[in-house]
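Dear colleague,

I am passing on the structure below, together with some notes on what turned up when it was examined. Please look through the sequence and the model before reading on.

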Amino acid sequence: MQINNYISILKREFKGYNLSSFGKDCLAGITCTAVALPLALAFGVSAGADAASGLICAILAGIIIGGLSGASYQISGPTGAMAAILISLSVTYGLQGVYAAGFLSGVILLLFAFFKAGRLVYFIPKPVITGFTSGIAVTIALGQIDNAFGTHSAGTSAIGKLLSYAEVGFQPVLMAVVFTLIAMLIMILWPKRFNAVFPGSLLAIIVALAIQMVFRFEVATVGAIPRTLLPEVRLQFSSLNPAYLSKFISPAISIALLGTIESLLCGASGGKMKGEKIDATQELYAQGIGNAVIPFFGGIPATAAIARTSVAIKSGGVTRMTSIIHSIGLLLSMFLLGPFMAQIPLAALAGVLFVTSWRMNEWSAIRNMFSGRLKTSIAQFLITMIATVVFDLTVAILIGVGLSMILFVLRARSEMRIQVEDPEFDEITRVVYIDGSLFFATQERITATVNELKGQGVKRIIFSLRGVPTIDHSEIEELEGVFSDCRKDGIEYYICGLQDEVAHMFARLGVDKHFEGRTYTSVVSALDDLKTK
């Protein structure tokens, strides 16, 4: 049972846990709080909700998801990728729509966990993941133009808002632009070696807040931060009726897919850093439970965050207590710093998100693709990125994976090779060497080769399948037809070098009867035998 598995995880994790370990968890947790605080506020706003929704999400995710996680090091909360999905949802349906979709995504994640669907994430091609990450980064940046420039747009999507400026006009507010630039410059110029101790994003927010508190500029600010985990606007149990929830199935699937992908990829990356393998199924259970609960407290959906997770590991975190302590730090910040956080300019948060979205891109992987001129990978990357910006994550992943499958099929077809050789001891025998996997996309090539040989007056064909590792039903049926036509036309045929898996497939479909007594271990043995006939 999964509960027993979870208990086993905890026993291994806390074996030998002592006061020294707790001290390390406390220090790492406090460091994570410093990193998570400005991001929680920013992602709450960029999701189309408010700063409080992001903060509540970070607090509860750290306790619930972190406590139930499939690894000791995962830190979950609001992320830029999740915010990019939620923005159009919030514009169309408001916060209640975000909460309803968040709850449904939690249920879907629990189903993913039950059916152990987490392993499917590792079948998504890397360029597709890189593409949707870049697409999300573009979506985040486009979604922050209003906050960064103090403007007002229309439209429900990032592209729609951008295009709407042609109708509603674009009139930037000077001080909004100044706050945006200040935040960006601080994050860019702040030395990386200090980030683990005092993140540049936090410094940017503090500087912007100090300027705003002194000069009181006419710019949009975060607004009131409620000092409660039960704000007035949250998901109500009365909303849990099928008719209402059915409207949010599609966005909920997108949220669940993103949660699965981000959490498990974050777990894999963090696992390499800490030398600990994540339990994918337990992680999905944790994400599912957390996201099903968080909306009832007014929080936006959560997922594992690679930036906060890496900070936790590099700061010396030992167990999942790091995640819980980071949440306690955020909770204290809500109660003690709420009046100050309310005055943070939205433009400063936009500046933080501009830099964050830039850094989200996997630049090393992108450079490798383009410098290596990997055409297939570049196509997967660009098409997935564009689909993410224009459509949504679900469509983008389907398009990216679908394109990958088509490209794989085309490449596999081109890599299947057929070579014909003349053994030279007579004029009626030919050896047909076949290399590569045989499947539906390679059909007709063998038939075409045999028909060509018939036209040359060949009466004996030796098929060498030593280079064929796998074969599917479609190709077996084609070969069965080839053998049948050979018998009708009085052509002898022989099979050499059958690999075990291919021979097994022939036997399962009963096609092995067509070459009974016609098999050899190698072409050499076949030719030696045929010379004597």
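**Cavities, a helix pair and a pocket**

Sorted by class, the residues that line the second largest cavity comprise five nonpolar, four polar and one charged. Please keep in mind throughout that this is a predicted model. The space in this second largest cavity comes to about 50 Å³, and its lining is made up of S72, Y73, I75, K274, A312, I313, G317, V318, T319 and T322.

For the largest cavity, the volume is about 50 Å³, and the residues around it are S46, A83, A84, I87, T139, I140, G143 and Q144. Two helices, α4 (80-114) and α5 (126-143), each contribute at least two residues to that lining. In terms of class, the lining of the largest cavity holds four nonpolar and four polar residues, with no charged ones.

Turning to how helices pack, I would draw your attention to α3 (residues 51-68) and α15 (residues 321-341), whose axes come within 8 Å and cross at roughly 165 degrees. Because angles over 145 degrees count as roughly antiparallel, α3 is described as roughly antiparallel to α15. The crossing in which α3 passes α15 is left-handed. On the α3 side, the contact is made by L55, I56, A58, I59, G62, I63 and G66, while α15 brings S323, I324, H326, S327, L330, L331, M334 and M341. Taken by class, the contact of α3 with α15 has ten nonpolar and five polar residues, and no charged residues.

Finally, there is the largest pocket, which holds about 1,600 Å³ of space. Its lining consists of 45 residues, and those closest to the centre of the pocket are I306, A307, S310, R359 and M360. Which helix gives the most to the lining of the largest pocket? That is α12 (residues 249-274), with eight residues. When the lining of the largest pocket is divided by class, 26 residues are nonpolar, eleven are polar and eight are charged.

If you go through the model yourself, you could begin with the residues at the centre of the largest pocket, including R359 and M360, and then turn to the contact between α3 and α15, where L55 and I56 are among the α3 residues involved.

With best wishes

Technical notes: Residues are numbered from 1 along each chain as its sequence is written. This is a predicted model: local features need pLDDT of at least 70, side-chain atom pairs count only at pLDDT 80 or more; totals for chains, interfaces and linings use all residues. Side-chain values use heavy atoms; hydrogens and water are left out. On a 1 Å grid over the protein atoms alone, a cavity is a set of points where a 1.4 Å probe fits but cannot get out, and a pocket is an open set with protein on both sides within 12 Å along at least five of seven lines; lining residues have an atom within 4 Å of a point. Grid points are joined across faces, edges and corners, and a volume is the space filled by probe spheres set on the points. Helices (H or I, at least four residues) and strands (E, at least two) are DSSP runs, numbered from the N terminus. Ala, Val, Leu, Ile, Met, Phe, Trp, Tyr, Cys and Pro count as nonpolar, Asp, Glu, Lys and Arg as charged, and the others, Gly among them, as polar. Axes are lines fitted to C-alpha atoms, for helices over the stretch in contact, and angles run from 0 to 180 degrees between N-to-C directions. Angles under 35 degrees count as roughly parallel, over 145 as roughly antiparallel, 65 to 115 as roughly perpendicular and the rest as oblique. A crossing is left-handed if the near helix is turned anticlockwise from the far one by less than a right angle, and right-handed if clockwise. Contact means heavy atoms within 4.5 Å.
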